[in-house]
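This briefing is arranged by topic, from the overall fold to individual residues. Please read it alongside the sequence and structure shown here.

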Amino acid sequence: MTKLILALLVSIHGIESSYSKDPRMGSAGPLQITTVCLRDTNRICRLSGSSIRFAPADRMSLATSEEIALVYLSYWGPRCAARYRKPLDAELLARLWHRGPSQKMYDAKGDAYWAKVNKEINSRK
């Protein structure tokens, strides 16, 4: 799954890096990581017994943003695949990254985001 996530992040970065910081959502950095996602990632690290914690400034580094995304998607990906009875694939992970682990993953905004990511994936082939 790590390989799938890292490959997907290249396409997500291609989309997200064109956006500036969104103060309403507290999103920042090359993967536009929200403060909610950062807090949840730190919670996941704590639950797993890891001493790693990420600070808001860490979102500005592409390498550290990828680490955050890897922790978050590795934790939530399998859970969402089971919860929504969907395959654990690039589509589910992209929707999860954009909308979080909720039914919102499959709303119109989730559809539009997946279409952008899928287009980016196909342009890299």
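Contact here means heavy atoms within 4.5 Å. With neighbours within four places in sequence left aside, Arg 95 is in contact with Gly 100, Met 105, Tyr 106, Asp 107, Gly 110, Asp 111 and Trp 114. The model is predicted.

**Overall fold**

- The chain contains five helices and zero strands, and its pattern along the sequence is α-α-α-α-α.
- For 125 residues, a compact globule would have a radius of gyration near 14 Å, and the value of 14 Å for the chain agrees with this.
- The C-alpha trace spans about 35 × 35 × 30 Å along its principal axes.
- Of the 125 residues in the chain, 42% are buried.
- Residues at least 24 apart in sequence account for 50% of the contacts between residues at least 6 apart.
- The chain exposes about 6900 Å², of which carbon and sulfur atoms supply 56%.

**Arg 95 in helix H4**

- Arg 95 belongs to helix H4, which covers residues 90-99.
- With a relative accessible area of 5%, Arg 95 counts as buried, because buried means under 20%.
- The side chains of Arg 95 and Glu 91 are joined by a polar contact of 3.0 Å.
- At 2.8 Å, the side chain of Arg 95 also reaches the backbone oxygen of Met 105.

**Helix H5**

- Helix H5 (residues 108-123) has 16 residues and reaches 23 Å from its first C-alpha to its last, close to the expected 22 Å at 1.5 Å a residue.
- Asp 107, one of the residues in contact with Arg 95, caps the N-terminal end of H5, with a side-chain oxygen 3.1 Å from the backbone nitrogen of Lys 109.
- The buried residues in H5 are Gly 110, Tyr 113, Trp 114, Val 117, Glu 120 and Ile 121. Viewed down the axis of H5, these buried residues fall within an arc of 125°, so they line one face of the helix.
- An α-helix has 3.6 residues a turn, so residues three or four places apart point the same way.
- The cover over the buried residues of H5 includes H1 and H4.
- Exposed residues Ala 108, Lys 119 and Ser 123 are carried on the face of H5 turned away from its buried side.

**Ser 27 in a loop**

- Ser 27 is found in the loop between helix H1 (2-16) and helix H2 (35-47).
- Ser 27 is buried, its relative accessible area being 6%.
- A polar contact of 3.3 Å links the side chains of Ser 27 and Gln 32.
- Although 32 residues separate Ser 27 and Arg 59 in sequence, their C-alpha atoms are 8.6 Å apart in space.

How values were computed: Residues are numbered from 1 along each chain as its sequence is written. This is a predicted model: local features need pLDDT of at least 70, side-chain atom pairs count only at pLDDT 80 or more; totals for chains, interfaces and linings use all residues. Side-chain values use heavy atoms; hydrogens and water are left out. Helices (H or I, at least four residues) and strands (E, at least two) are DSSP runs, numbered from the N terminus. Buried means under 20% relative accessible area, exposed over 50%, partly exposed in between (1.4 Å probe, protein chains only). A polar contact is a pair of N or O atoms within 3.5 Å; within protein, one must be able to donate a hydrogen and the other to accept it, and residues adjacent in sequence count only if both atoms are side-chain atoms. The expected span of a helix is 1.5 Å times one less than its number of residues. The arc is that of the directions from the helix axis to the C-beta atoms. The radius of gyration is taken over C-alpha atoms; the globule rule is 2.2 Å times the number of residues to the power 0.38. Accessible areas come from the Shrake-Rupley method with a 1.4 Å probe; for residues, only the protein chains shown count as cover.
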